[in-house]
Amino acid sequence: MSDTNHGVLSVVGIGPGNDEHITPAALQAIKEAELVVGYSTYIKLVKHLIEGKEIVRTGMTEEIGRASAAVEQARSGRKVVLVSSGDAGVYGMCGLVFQVLGQIGWKRGDSPELRIIPGITAINGCASLVGAPLGHDFCAISLSDLLTPWPAIRKKIEAAASADFVIGLYNPASGRRQRQIVEAQEIIRKYRPGNTPVSLIKSAYRRKEHIVKSDLDHFLDYEIGMLTTVLVGSTQTYYFEDYMVTPRGYNNKYLMDGTVLDGQTPGRSLVLDESGRPIAEKMERSGEA
Ligand code: SAH
């Protein structure tokens, strides 16, 4: 294929929804594009950035069509941007692009050149609005059973809950789909106390942003929909001044005077001494002597 026919497909995550949280790399890719493809809601979010460009908007359920259109247009030599909310690789369009590329027998070096631009995914954007809920091990689970059978999702909730992960629930409910979040609560309750912090973040960084701070026993009293991310704390998560906080480890390893609790290993200092040797190494040696 000649160079003039070599197109570029940039798969771009535009972050949660406002301009401040789109990365410069994503903006650059959008600026350079001739054609912008995306779900109409996301196109609306970046409308002011794409004036004068050709746009292909599609509905929510036309994801395969959207991915194929983007690949085909870029393959024929155009600069195409496929926009996704948050990060395009997190429950987004990026996986579908690879499926389409697989179907057409695309190889690295072929047109289109593929560029994947990361974005702030919902779990990160939402966490920043409530404090530091992801301070220790966490996971994301989508409650949508459109593409994944419910028993498989249930198993993941059970595993995450029993292993004490902080859990970010994507796609928690929709107009028709309300049962899953109720079952998720039942499962998590088996492992965590009813006063475990749970926050609901709707439309983070968008005009209709709405935040509810609740707990495991009560969060279902509030509206949960397609635009909500549910952050469920671990057994270590607490509210401090209305911020949701998950400390880094268990049992407050570090006391404020710098000493360490029984049975715990002190952290290694990364501070170097005059000879450039880590202080921690120096301490170990003096311990041996
Ligand atoms: N690719 C997206 C996720 C798509 S799945 C990302 O990386 O963020 C759609 C789900 O993401 C929604 O049901 C909701 O749970 C979550 N979500 C996306 N944007 C959000 C926002 N601005 N505020 C809160 N939740 C959001």
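Let's start with a strand pair. S6 and strand S13 (residues 243-245) pair in the parallel sense over two bridges. Strands here are DSSP runs of E, at least two residues, and helices are runs of H or I, at least four residues, numbered from the N terminus. Two strands pair if DSSP finds at least two bridges between them.

A word on the model. It is predicted: local features need pLDDT of at least 70, side-chain atom pairs count only at pLDDT 80 or more, and totals for chains, interfaces and linings use all residues. Numbering runs from 1 along each chain as its sequence is written, and side-chain values use heavy atoms, with hydrogens and water left out.

Back to S13. Its residue Val245 is the bridge partner of Ala132. The sheet is open, has three strands in the order S6-S13-S12, and its pairing is mixed. Strand S6 (131-132) and strand S12 (238-240) are the edges; each has a single partner strand, so one side of each lacks a neighbour in the sheet. In general, strands of a sheet pair through backbone hydrogen bonds, either parallel or antiparallel.

Next, strand S8, residues 166-170. Is S8 mostly covered or mostly open? Mostly covered: five of its five residues are buried. Buried means under 20% relative accessible area, with a 1.4 Å probe and protein chains only. Look at the two faces. Val166, Gly168 and Tyr170 sit on one side, Ile167 and Leu169 on the other, and all are buried. S8 runs parallel to strand S7 (residues 138-142), and five bridges join the two.

Now the ligand. How many residues surround the ligand? There are 20, and the closest are Val90, Thr121, Met226, Thr228 and Thr229.

Polar contacts next, meaning pairs of N or O atoms within 3.5 Å. A ligand oxygen is 2.6 Å from a backbone N or O atom of Met226. The side chain of Asn171 has an N or O atom 3.1 Å from a ligand oxygen. For Thr229, a side-chain N or O atom lies 2.8 Å from a ligand nitrogen. Taken alone, the ligand exposes 540 Å², and the protein buries 93% of that. Those areas are Shrake-Rupley values with a 1.4 Å probe.

Which elements give two or more residues to the shell? Helix H5 (122-130) and strand S11 (228-232). Domain 1 (3-120) and domain 2 (123-245) each supply at least three shell residues.

Terms used: Near = heavy atom within 4 Å. Polar contact = N/O pair within 3.5 Å; in protein donor to acceptor, adjacent residues only side chain to side chain. Domains from an automatic or database assignment. Buried < 20%, exposed > 50% of the residue type's maximum accessible area, 1.4 Å probe, protein only.
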